[in-house]
Amino acid sequence: MRAICNVYKQAPQLAQEGEQTVSTDELTAIQALERKHPGLPLAPGKVERREFEYIRHGTRCLIVSRDVVTGTILAPACGPTRTEADFLAHLQAVVATDPEATRWHIVCDNLNTHQSESLVRWVAQRSGIDLDLGIKGESGILASMASRAAFLSDPTHNVVFHYTPKHSSWMNQIEIWLSILVRKLLKRGSFLSIEDLQAKILAFIDYYNQTMAKPFKWTYQGKALMA
């Protein structure tokens, strides 16, 4: 926990030195729900009332990263899946937003797609590492999730992963932003199709980046939480 807090604390200084720090996660199974009838508007003494019946149009998965220093959302990916290939493609798009950055720090949880073979091979290639990575599930760096995570966490690499402790995904700042998305757009929205849902999510991200993006004030210092 202290290590993740230090990542956030050091991010502004690292940014001045050309290193980027981002917080990354997925929001899965976002439902495109269309309300069957319009809601009732605000009235004196009454909140806006929402139609309870809805039509399902399918789901989308959002993979998103947030610049810890500026608060802007980078390279959002909204699609039908969140596979290993999807996550790698998202990170490649994130890195492409700043070709001049000397190193990228990625804060994420311990999901298996965040510790995949393709990530190891990509980080090795970007970091100029030319060695036998082994065979997935059998030997070498690729042998297990633990060995892959250890390689991906190496601070000398061009892309460095910082994994939140298990059961502590709340330490990932992107979770705060995802709650903003849910409260301001998804919770009370009515979407005519999955394409409409996707378009409105991306439009909200553009609006957020232009008008609301700012760094979160991180006050937790990694101390034990007492009940």
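Reader: Hi! Is C61 buried or exposed?
Author: C61 counts as buried, at 4% relative accessibility. Buried means under 20% relative accessible area, exposed means over 50%, and partly exposed is in between, using a 1.4 Å probe and protein chains only. Keep in mind that this is a predicted model: local features need pLDDT of at least 70, side-chain atom pairs count only at pLDDT 80 or more, and totals for chains, interfaces and linings use all residues. Residues are numbered from 1 along each chain as its sequence is written, and side-chain values use heavy atoms, with hydrogens and water left out.

Reader: Where does α1 bend?
Author: At Q10, by about 45°, and a proline, P12, follows within four residues. The bend at a residue is the angle between axes fitted to the seven residues ending there and the seven starting there.

Reader: And which residues of α1 are buried?
Author: I4, C5, V7, Y8, A11 and L14. The buried residues of α1 pack against β1 (19-35), β4 and β5. Contact here means heavy atoms within 4.5 Å. Just after α1, G18 has a positive phi of about 95°.

Reader: How many residues does the largest nonpolar core have?
Author: That core has 26 residues, and W104, L119, W122, L152 and F161 have the most contacts inside it. A nonpolar core is a set of buried Ala, Val, Leu, Ile, Met, Phe, Trp, Tyr and Cys residues joined through side-chain atoms within 4.5 Å. Among the elements supplying at least two residues each are β2 (54-67), α3 (117-126) and β5 (159-163). There is also a second, separate core of 20 residues, which includes W177, L185, L197 and F204.

Reader: What is W104 in contact with?
Author: Leaving aside neighbours within four places in sequence, the contacts of W104 include Q20, V22, L74, V94 and V160.
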